[in-house]
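Below is a short briefing on a protein model. Please read it alongside the sequence and the coordinates.

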Amino acid sequence: MERVLPYLGLLVRGALITLEISTLSLACSLLIGVLVGLVATSRASAARAAARVYVEFVRSVPLLVQIFFVYYGLPLMFRLNLSPYQAATIALSLYGGAYMVEAVRSGIQSVGKLQWEAARALSLGYWRTMAHIVAPQAIRVTLPAAIGIFISLLKGSSVASIIGFVELLQTAINIRNSIFSLSPLFVAGVLYFLMCYGLSRFGGRVEARFRYGAS
Amino acid sequence: MTSLFDPGLFWRYRSVIVAGAATTLLLGACSVAASFVFGLAGWLLKASKLRACAWAGGAYVEALRNTPDLLYIYGLYFGLVTVGVTFSAFTSAVLALGIQGGAYIAEIIRGAFTAVSNEQRVAARALGLKPWKSLAYVELPQMLRVAFPALGNQVISTLLGTALASVIAVPELTYQSQIIGDSTYQYFSVFSVDAVIYLVLVQALTRLFHLIDHLWFGPWRGTV
């Protein structure tokens, strides 16, 4: 165990890289989630079906296969070159985005139809109703789910190590290969735990706060 | 330059792909079975009246739910060599996916147990049923009904998790796809078909679970 001590700094750096790629992917997921989520709750049935296909596809295919597809497949299609970092960010964003669409959709649908009708009676249009009436209520459902998605992204980013992106898990494996001990993986596990458990406790508090603040 | 999508490829490699899909299903089935065993054990530990056991159960669930499954696949396959324990790649993957899935299943069972109201237990006792008979005939059937959709989702995520076993060279679908890709450079075709196979498997399972849920529990929906 003491052989891992000189490498603690490297492992913490790996954890920061994991945190960085997960945060970036979370931001992109949020963008996808809000845009596609609005489409998924709209009246345009073709667009709704397209959103459905995207969500079902992402949820039915392993994250690893999605990462492989983006890293090896997409460059062939578009004749471009993606670094492991770029490929992993794209794949994780699409992955988190699909779950975020569901979080946004269920948030919007948790707001009753009467709210829409009341807003209509006050002659508010779609966007103003969405922004001032629906969104503030939908966030009670969406925010706790978004924190859950952040945790999935933190854990999922470990899969990016397979295409050669050196984040926390890959750092631990590289150290293991030089000192032949289980301890770097153990330390990596502790670091993952601290990040994810902290977030899930935070998520629990957010949820509880919104529950009692509910109308 | 060859075309982006080459259907002939899959005819040439059909036996490899079928074997890969079969291994994926076998690995998935074994991992799901293992996850139920670990899940039941985890729940029993967590629900135990002994403080130490309950703490250990809680620690198991929280630790496993907040760390990535890939860590356990590597840990069991490479890590334990230094301690003198070796597992085959297949066994490592089954154990890793099993302990990971078990943590989620323990929570699902716990949720179902709390959903079955205490009156049911009291009523069963009043009818003279011993605790284990009450569990087997009164509580478990109701718990299963509550837990069924969540358990179905968990089975699917374990099946999706089997793709990670490719990193330790278990010859499942994704591993085979990588091999075919490496030798033909047809990565686009290979991984599209790989994805579609998973999609079909998962969608078929989802439909099957919905059907079972409807047939077995449909008439009792919302009665707990």
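Helices (H or I, at least four residues) and strands (E, at least two) are DSSP runs, numbered from the N terminus. This is a predicted model, in which local features need pLDDT of at least 70, side-chain atom pairs count only at pLDDT 80 or more, and totals for chains, interfaces and linings use all residues. Residues are numbered from 1 along each chain as its sequence is written, chains are lettered from A and ligands numbered from 1 in the order in which they are written, and side-chain values use heavy atoms, with hydrogens and water left out.

**Annotated spans of chain A**

- An unreviewed UniProt entry annotates residues 15-203 of chain A as "domain: ABC transmembrane type-1"; UniProt positions follow the numbering used here, feature names are shortened, and annotations may be inferred rather than shown by experiment.
- Residues 145-166 of chain A are 55% helix and 0% strand, and their end C-alpha atoms are 28 Å apart.
- Residues 178-199 of chain A are 86% helix and 0% strand, and their end C-alpha atoms are 32 Å apart.

**Chain B**

- Chain B has nine helices and zero strands, in the order α-α-α-α-α-α-α-α-α along the sequence.
- The C-alpha trace of chain B spans about 75 × 50 × 25 Å along its principal axes.
- Helix H4 (residues 69-77) of chain B packs against helix H5 (residues 89-115) of chain B at an angle of about 140 degrees, with the axes 8 Å apart; axes are lines fitted to C-alpha atoms, for helices over the stretch in contact, and angles run from 0 to 180 degrees between N-to-C directions.
- H4(B) is therefore oblique to H5(B) (under 35 degrees counts as roughly parallel, over 145 as roughly antiparallel, 65 to 115 as roughly perpendicular and the rest as oblique).

**Salt bridges**

- Over all chains the structure holds eight salt bridges, each a side-chain nitrogen of Lys or Arg within 4 Å of a carboxyl oxygen of Asp or Glu.
- One of them joins Arg52(A) and Glu102(A), whose closest N and O atoms are 3.6 Å apart.
- This pair links distant parts of the chain, 50 residues apart: Arg52(A) is in helix H2 (residues 45-60) of chain A and Glu102(A) in helix H4 (residues 84-110) of chain A.
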